[in-house]
Amino acid sequence: MMRFCELTLIVTTLCIPVVAQQQDPPRAFDTIRSSDSYRQAVLGVYQDYESRLSTHCAKIDINMNTSQAKVYGSIQTNANGDIVNAHWKETTDGVACGEKRSYVASVTIKDGKTAVYALFPGQSAAGAVLQHDAVQYAGVGAGAADNCAVDVLETSLPNGEPSDNTKVPWDEKWTVRACGKRSVVTMHFVPNATGTTINVTPKETVALP
């Protein structure tokens with residue numbers, strides 16, 4: 001199948017994070033994060049991410065003492081001090097199949113209901129939908145054959161966290177494993193009026209040993 005040097009994907013879901021809050025989180029925030037139920041939920045999505053990789057590691061070692069939370073926007077509480085609306089990312093160091101990970105979970109509380117889901121390891125500013133839709137293009141950037149599974153092992157922001165201005169593009173570097181080879185693919189995210197365009201140019205890809 002013919003492949004072009006530059007591919008573009010338009011995703012209709014806009015997934016740009018807002019500026020992290022500066023205020024101190026309420027007491028309920030620490031109470032939630034230290035609870036067994038919360039830690040089990042976070043561990044569950046980390047394991048879910050790992051199970052989707054081609055290596056299918058059955059066991060992951062997590063050091064919950066390394067967990068850090070980054071809050072986006074403001075945390076809203078009710079009269080009792082319970083959190084009713086919030087959004088943050090939980091990042092935890094771990095190891096699976098001998099590989100180090102920086103696991104990431106996205107946590108949202110909306111109208112008092114909590115949802116936890118996995119994101120790719122690292123610093124990616126893209127939301128879950130945008131990450132999912134971009135994987136196939138990361139594979140093309142890595143030169144993966146059509147029948148190869150594409151694992152996103154790490155993400156980074158070479159130019160720092162993108163602005164809260166939803167019209168400002170940003171770049172990410174994704175460490176990808178496909179067909180037994182590892183490489184770093186540069187992902188260009190360009191927000192527009194209808195969603196986010198992703199540009200991938202294979203000539204920017206760097207092969208890893």
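Modeller: Before we look at any pair of cysteines, keep in mind that a disulfide is taken here as two cysteine sulfur atoms within 2.5 Å of each other. The model above is a predicted one, and all that follows is read from its computed coordinates.

Colleague: Which cysteines form a disulfide with sulfur atoms 1.6 Å apart?

Modeller: They are C148 and C179, whose sulfur atoms lie 1.6 Å apart and so fall within the cut-off of 2.5 Å. The link of C148 and C179 is right-handed, with 115 degrees about the S-S bond. This pair joins distant parts of the chain, since C148 sits in the loop between α3 and β8 and C179 in the loop between β9 and β10, 31 residues apart. C179 counts as partly exposed because its relative accessibility is 41%.

Colleague: How many disulfides does the structure hold in total, and what is the pairing of the bonded cysteines in sequence order?

Modeller: In general, a disulfide is a covalent bond between the sulfur atoms of two cysteines. The count here comes to two disulfides, and if the bonded cysteines are numbered in sequence order, the pairing is 1-2, 3-4. Besides the pair already described, C57 and C97 form a disulfide with their sulfur atoms 1.7 Å apart. That pair also links distant parts of the chain, with C57 in the loop between α2 and β2 and C97 in the loop between β5 and β6, 40 residues apart. C57 counts as buried because its relative accessibility is 4%.

Colleague: How should I read a salt bridge, and how many salt bridges does the structure hold?

Modeller: The general idea is that side chains of opposite charge can pair when their charged atoms come close. The structure holds eight salt bridges, and one of them is formed by the side chains of R101 and E50, at 3.0 Å from N to O. R101 lies in strand β6 and E50 in helix α2, so this pair ties together parts that are 51 residues apart in sequence. Both R101 and E50 are buried.

Colleague: Which side chains does R177 meet in salt bridges?

Modeller: R177 meets E99 in a salt bridge of 2.7 Å, N to O, and this pair links distant parts of the chain, with R177 in strand β9 and E99 in strand β6, 78 residues apart. R177 also meets D151 in a salt bridge of 3.2 Å, N to O. Because R177 lies in strand β9 and D151 in strand β8, that pair ties together parts 26 residues apart in sequence. R177 counts as buried because its relative accessibility is 12%, and D151 is buried too, with a relative accessible area of 2%. Taken as a group, E50, E99, R101, D151 and R177 are linked in a network of salt bridges.

Colleague: What does the protein contain as a whole, in helices and strands, and what share of its residues is buried?

Modeller: The protein has three helices and twelve strands, and 42% of its 209 residues count as buried. Among contacts between residues at least 6 apart in sequence, 58% join residues at least 24 apart.

Colleague: What is the mean pLDDT of the protein, and where is the pLDDT below 50?

Modeller: The mean pLDDT is 88, and 88% of the residues reach 70 or more. Over residues 1-22, however, the pLDDT is below 50, although this stretch has 71 contacts in the model beyond near neighbours in sequence. Where pLDDT is low, the predicted coordinates should not be read in detail.

Definitions and conventions: Residues are numbered from 1 along each chain as its sequence is written. This is a predicted model: local features need pLDDT of at least 70, side-chain atom pairs count only at pLDDT 80 or more; totals for chains, interfaces and linings use all residues. Side-chain values use heavy atoms; hydrogens and water are left out. Helices (H or I, at least four residues) and strands (E, at least two) are DSSP runs, numbered from the N terminus. Buried means under 20% relative accessible area, exposed over 50%, partly exposed in between (1.4 Å probe, protein chains only). Contact means heavy atoms within 4.5 Å. pLDDT is the predictor's confidence in each residue, from 0 to 100. A salt bridge is a side-chain nitrogen of Lys or Arg within 4 Å of a carboxyl oxygen of Asp or Glu.
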